[in-house]
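Please examine the structure shown below together with its sequence. The explanation after it is meant to be read with both in view.

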Amino acid sequence: VVVGNGVAGYTCAARLSRLGVPAVLVGPGPVADRPPLTKRALADGRPRLLADADRLAASSIERLDGVAVAVDLVGRNVTVEMPGGRQTVAADHLVLAPGLDYTPPPVPGLDRAFLNATPAGLVRLAPSLAAGPRRVLVVGAGLIGVETAATLARGGHDVHLVDQTDRPMGRIHEPVPTLAAAALTTLGVRFTGGVGITAVQIDDGSAVVATRDHGELVADLVVAATGGRPPTLPGCAGLSFPARVDEGMRLSGHDGVFVVGDAAVPVHVRYGEIRSPHWDTAVRTAEVAARRIAGDETARFDTVPYWWSDIGPLSLAELGHAGAAVEWGREGAWYVGRDDADLPVAILVVDAPRLVRPARELLAAAQHSTV
Ligand SMILES: Cc1cc2nc3c(=O)[nH]c(=O)nc-3n(C[C@H](O)[C@H](O)[C@H](O)COP(=O)(O)OP(=O)(O)OC[C@H]3O[C@@H](n4cnc5c(N)ncnc54)[C@H](O)[C@@H]3O)c2cc1C
């Protein structure tokens, strides 16, 4: 039984099914992907599905369209709340893939803001954007907020992006914040840093955001892009996310229980624990768990880690693990992060999709020589 119908949960169920292991996929609503929610899906107002009912059926994945309201890690069963009532399913193996919780922080009124980090949130936001160019205040300038601001500006909206930090994508190493800031300026997005929001007043078609040092900010609508926090799973008292797992994605102390995707802290063969949640890591960790469940004890997270970001026309791709780098430098078309033995551990590729593959190959070779 796989709890969570995002990319990790779906990938795990699909891989299990291909390996001949019957899988039940638990989660509310469509099996939808996340990265398009700040890009193409935001531009046209339609979430992108990872799989529809036909595809799930063709893969022999049983679907329980509801929320897990009780997860018993010892007995390995899950109670699911669905429109028709509750159902409890027992599992030989339990895979937890609840992702992150994108609920905004408890600032008065911010809970009424729009949220495009979830498929349901995008569906709620889309009609307001379709009504014509709007003044949009995007709160939060991490990857989600920056991409959202860029896509909305490209769509003709008047976008103001604010954050407590001084720079967009300020938690990522250079030159990412500098490149992101330049791309936003080119697109006409106003960015204000150092903004502490104290209250949000949202009425029909207008919003006033009170701040500590920047007075009142006025907009037609507010989008909260305030990031993901660790989720909670009812019944899993004592288990805090993101959960540490072994190299086979098993939760220690719990037989037959695996954690994958953003909810896990996976162990990479070269880089050790990785705490940066990204799409490709969700896919890879889900595949490792599925292979282990099917009996392949050699399965490990050994592919070169990868994340990407599209900020309007700016395309960023990073291979490897920036957390392992002690120094970054420009090397030809790449920005390369090296460890204290001067080995390449991460490569940032800017606006050059064709250089992603050679970057991956270089890091795979370095991994081969060190692991
Ligand atoms: C808007 C957005 C844009 C992104 N863009 C990029 C990008 O450009 N590049 C990149 O590398 N990464 C990107 N990411 C990160 C990437 O999408 C995530 O790392 C990935 O989706 C994690 O997969 P996951 O399955 O662990 O979690 P999710 O995809 O978030 O799925 C978790 C699922 O679990 C379900 N769930 C939660 N609790 C329960 C419960 N109690 N019962 C049942 N189901 C439950 C949720 O409803 C959800 O469907 C983006 C993320 C977001 C949100």
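The model is predicted: local features need pLDDT of at least 70, side-chain atom pairs count only at pLDDT 80 or more, and totals for chains, interfaces and linings use all residues. Residues are numbered from 1 along each chain as its sequence is written, and side-chain values use heavy atoms, with hydrogens and water left out.

Helices and strands are taken here as DSSP runs, numbered from the N terminus; a helix is a run of H or I with at least four residues, and a strand is a run of E with at least two. Two packed helices are described by the angle between their axes and the distance between the axes. Axes are lines fitted to C-alpha atoms, for helices over the stretch in contact, and angles run from 0 to 180 degrees between N-to-C directions. Helix α1, residues 7–18, packs with helix α7, residues 279–293, at an angle of about 35°, and their axes are 8 Å apart. The crossing of α1 past α7 is right-handed, a term for a near helix turned clockwise from the far one by less than a right angle. On the side of α1, the residues in contact are V7, A8, T11, C12, R15 and L16; those they meet in α7 include W279, A282, V283, A286 and E287. Contact means heavy atoms within 4.5 Å. The residues of this contact comprise 11 nonpolar, 1 polar and 3 charged; Ala, Val, Leu, Ile, Met, Phe, Trp, Tyr, Cys and Pro count as nonpolar, Asp, Glu, Lys and Arg as charged, and the others, Gly among them, as polar.

A salt bridge is a side-chain nitrogen of Lys or Arg within 4 Å of a carboxyl oxygen of Asp or Glu, and the structure holds 19 of them. One of these links E287 and R15, at 3.8 Å from N to O. Because E287 lies in helix α7 and R15 in helix α1, the pair ties together parts that are 272 residues apart in sequence. E287 counts as buried, at 18% relative accessibility; buried means under 20% relative accessible area, exposed over 50%, and partly exposed in between, with a 1.4 Å probe and protein chains only.

R284 and D280 are 4 residues apart in helix α7, so about one helical turn separates them. R284 is partly exposed, at 26%, whereas D280 is buried, at 6%. Together, R15, D280, R284 and E287 are linked in a network of salt bridges.

The strands come next. Two strands pair if DSSP finds at least two bridges between them. An open sheet of 3 strands has the order β13-β14-β15, with antiparallel pairing. Strands β13 (197–203) and β15 (216–219) stand at the edges with a single partner each, so one side of each is left without a neighbour in the sheet. Strand β14, residues 206–211, pairs with β15 over 4 bridges, and V208 stands opposite V218 in β15.

Strand β26, residues 344–350, is largely enclosed by the rest of the structure, because 7 of its 7 residues are buried. Antiparallel pairing over 5 bridges joins β26 to strand β23, residues 314–320, where L316 stands opposite V350. Strand β25, residues 334–338, also pairs with β26 in the antiparallel sense over 5 bridges, and W334 has V349 as its bridge partner. β25 and β26 form a hairpin with 5 residues between them, and D342 in the turn has a positive phi of about 70°.
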